[in-house]
Structure formats: C-alpha cells, structure tokens
Amino acid sequence: MTLPMIDLADALKARAVMTADDVLAIRRVAWPDGKIDAVEADAIFALNDAIAAPPAEWVAFFVEAITAYVVQQQAPTGYVDDAKAAWLMARIDADGRVESRAELETLVKILEVAVNVPDKLKAYALRQIEAVVTSGAGPTRSGTLDPGSINATEVTLLRRMLFAAAGDGPGCISQGEAELLFRLKAATMGAANAPEWKTLFVQAVGNHLMAHSDYQPLSRDRAGELDAFMNDTHMSVGGFLGRMGQSLASGAFLDLFGAKPAKPDHDAAVAADRAIAPGEAAWLKAQVDADGTLDDFEKALLAFVADESGRPAF
C-alpha cells in the first residue's frame, strides 16, 4: 500500500488542507494490514510537516501510526532500537525543533507504551518539553504565546513523561528528571503558571528522594535472547528439559532469567525509602541554595519531605 499512500499524501500536501474525511482515507490506505512501513512512516511525517492546521483526528492517527512503527514492528516487540530512535529524532529535528502537537504527543506516547528505549531518546524527549516550556513557543499552546510559564497542558505532558514506563527513571523519578524540574521552576518562577505545576514539582521531586526502586527493564539484547528461547519450537519437551538442566548446572539459565532475590521486609523497605540519605540531603540543599532564596515551591517540598520522612531533609 506504499504507492497509494504516497499519492494521497502528495495530493493533500498540494492542497495544504486536511479534513477528518481525509484522515479516514489515509487510515484505509496506509493501514489495511495493520503495519506502517518505512516509506509510509516518512510520508506521514512529511504530511504532518506540510499541514499547518490538521484536525484532531490527524493527531490521533499520527501518534498511533508512528508509535506502532517505532515500538511494535520489530523484535523484540516493545523495544525501540537505536536505528528507530535515530530516525525519529532526525524526523522531528528536520525543522529544528518539535513543530507540532502530534510530534510531542508521539514522543510521550512512545515512552508510555515501550518497555525500554535508548537513553539518548529519553534525554531527547526531556529536552523537547523543557524547550517548549522555557521558550513559550511550541505545539502545546494555542493563541498568544507566553514565554516562561507552564500551562495545564504542559503539566499533563510533563507528568506523563516523568512517570512513563520507559522514561529516564522507570518506577521512580531520576536525578536528571528532578534537576529538570528545578530548572523549570527557576525559569517560570513568578509567572502565571497552572496550579497543577506546584503539585507536580513537589510530588515528583519528593518521589526522587523517597521512592527508590532497583527495577530496570531488560535491555533490548537480553529481551531478544529471551524471545528466541521462548519461541524455539525445534526441541522436544524432553530436549527442552535436558537443556534446562544443563543451563541450571552452568548458571546460564539463571543468568538469562535472573535468580529470585530474597524477599525484603516490606515495612523496613518503605522506611528505608522514606529516609533521606546524607547524599540526597546534600543534593537537595545544593538545589535549594542555588539561587540564594527559599521560594514557595521549595518550602512546600521541604514540608512534604519532613512530613513523609518524619524529620527535616537537612
């Protein structure tokens, strides 16, 4: 279906207008087999670049199609490889920055639905939302731009990105993400921000300090090994059990699947997480002292930490 998709995209680019009916036509042409190939993905991006004011149906299709192409159409499913990550960043950067709501939504969606993505894509996504917020120019706004403020849409996107399964700190907020939040706070202090922004700042930085996790998703290579192991249909049951016994003896089986760790005491683990370690206290103090003032956000954060941990942070 590549050629019909190219022809339809070229016609719409020439017209420079898109309707909901056009989006339905694109769905029918591009997706009869449930897959988006590389040529179609490039055509979809080019069409997104060419249409200044697409309908909401286009944003939904763009996010769905590009996410499927990047995340779901190579083995192991759910992992973004280096080539797809590089392609996505290059397509978005073709005009210098995230240019449309569809592009930013796609970045967030990929982090939400993927099991893991390359670190460079995680860092790239965070840079894009930071640039949108600090410049005041970008796809999340409508009407007059207001540089240096955070609106409700941006708070929602930030929250989704920070807590995404394939984000920089899966299961918790990483130090890099927490420091991003401090930079955004400094850049938007005193502006007409959405009320939700302060809540997100306190909750997310508090999460970084008191909600630690050792969870790390399998790497793409290790997930591929696991897929190959599980999908091997050439061995009999007896052969499989024999292989498993050999693997157990050699330690390879445990290396692949991981040994089951001893179950920690839940209450002790929660208490340990809530306690602020000396290194964490020093990091927090450095962030708070950076501008020489104690602002309302920082006061709220320190109060939250003291309440949750049972003692002042520093």
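Let's start with L3, which counts as exposed, because its relative accessibility is 64% and the cut-off for exposed is over 50%. This is a predicted model, by the way. L3 sits in helix α1, residues 2-15. Now look for E40. In sequence, L3 and E40 are 37 residues apart. In space, their C-alpha atoms are 8.7 Å apart.

Take α3 and α4. Their axes are 11 Å apart, and the packing angle is about 150°. How do these two helices run relative to each other, parallel or antiparallel? Angles over 145 degrees count as roughly antiparallel, so α3 is roughly antiparallel to α4. The crossing of the two is left-handed. Who makes the contact? From α3 we have A38, A41, I44, F45, L47 and N48. From α4 we have W58, F61, F62, A65, I66 and Y69. Sort those by class and you get 11 nonpolar residues, 1 polar and no charged.

Stay on α4 and turn to α5, residues 82-92. The angle between α4 and α5 is again given as about 150°. Their axes lie 9 Å apart. That angle makes α4 roughly antiparallel to α5. Which residues meet here? On the α4 side they are I66, Y69 and V70. On the α5 side they are K84, W87 and L88. This contact divides into 5 nonpolar residues, no polar and 1 charged.

Note two names on α4. I66 and Y69 are in the contact with α3, and I66 and Y69 also meet α5.

Third pair, further along the chain. Helix α7 covers residues 119-135, and helix α8 covers residues 152-162. They pack at about 165°, with axes 11 Å apart. So α7 is roughly antiparallel to α8. The crossing of α7 and α8 is left-handed. On α7, the contact uses A125, L126, I129, V132 and V133. On α8, it uses E154, L157, L158, M161 and L162.

Now the rings. How do we describe a pair of them? We use the distance of the centres and the angle of the planes. The count here comes to 11 aromatic pairs. I'll show you two.

First up, W31 and F61. Their ring centres are 5.8 Å apart and their planes stand at 80°, so this pair is edge-to-face. W31 is in the loop between α2 and α3, while F61 is in helix α4, residues 56-72. They are 30 residues apart, so to speak, in distant parts of the chain. Are they buried or exposed? Both W31 and F61 are buried.

Next, F45 and F62. The centres of these rings are 5.0 Å apart, with planes at 75°, so the pair is edge-to-face. F45 belongs to helix α3 and F62 to helix α4. The two are 17 residues apart, and the pair links distant parts of the chain. F45 is buried, and F62 is buried too.

Which residues form the cluster? Ring pairs link W31, F45, W58, F61, F62, Y69 and W87. F45 and W58 came up in the contact of α3 with α4. W87 came up where α4 meets α5.

That's my tour. Questions, please.

Key. Residues numbered from 1 in each chain as written. Predicted model: local features only at pLDDT ≥ 70, side-chain atom pairs only at ≥ 80, totals over all residues. Heavy atoms only, no water. Axes fitted to C-alpha atoms, helices over the stretch in contact; angles between N-to-C directions. Helix = DSSP H or I, 4+ residues; strand = E, 2+ residues; numbered from the N terminus. Parallel < 35°, antiparallel > 145°, perpendicular 65-115°, else oblique. Left-handed = near helix turned anticlockwise from the far one by under 90°. Contact = heavy atoms within 4.5 Å. Phe/Tyr/Trp six-rings, centres within 6.5 Å; stacked < 30°, edge-to-face > 60°. Buried < 20%, exposed > 50% of the residue type's maximum accessible area, 1.4 Å probe, protein only. Nonpolar A, V, L, I, M, F, W, Y, C, P; charged D, E, K, R; others polar.
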